[in-house]
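Let's take a walk through this model, from the inside out. Have the sequence and the 3D view ready.

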Amino acid sequence: MNPTKTKILVVDDDESIRLSFKLLLERESFQADIVGSGKAALKLLERQGYPLAFVDLMMPELGGMDLLKIIRDNY
């Protein structure tokens, strides 16, 4: 039996925070996909879905609350 790892999306403009999330989640047997902006997250979401996302609220260009609204309305 080969269980599939749960995929989690991490969206943060701070690279050190993204990498910390990735290390922590992968240590707990999750698959962590990390991106540095809301726009990059939307491009990734066009190709695949995620049951959970950690989203930074304060990001340039497309803030976390706006990103979450787009995700809720479209995905």
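S1 is mostly covered, with four of its five residues buried; buried means under 20% relative accessible area, exposed over 50%, and partly exposed in between (1.4 Å probe, protein chains only). Before going on, bear in mind that this is a predicted model, where local features need pLDDT of at least 70 and side-chain atom pairs count only at pLDDT 80 or more, while totals for chains, interfaces and linings use all residues. Residues are numbered from 1 along each chain as its sequence is written, and side-chain values use heavy atoms, leaving out hydrogens and water.

Who sits beside S1? Strand S2 (residues 31-35) runs parallel to S1, joined to it by five bridges. Strands and helices here are DSSP runs (E, at least two residues, for strands; H or I, at least four, for helices), numbered from the N terminus, and two strands pair if DSSP finds at least two bridges between them. Leu-9, for one, has Asp-33 in S2 as its bridge partner.

Now look at the largest nonpolar core, which has 13 residues; Leu-9, Val-35 and Leu-67 are among those with the most contacts inside it. Such a core is a set of buried Ala, Val, Leu, Ile, Met, Phe, Trp, Tyr and Cys residues joined through side-chain atoms within 4.5 Å. Two or more residues each come from strand S1 (7-11), helix H2 (38-47) and H3, and H2 gives the most, with four.

Out on the surface, Met-65 belongs to helix H3 (residues 64-74) and is exposed, with a relative accessible area of 55%.
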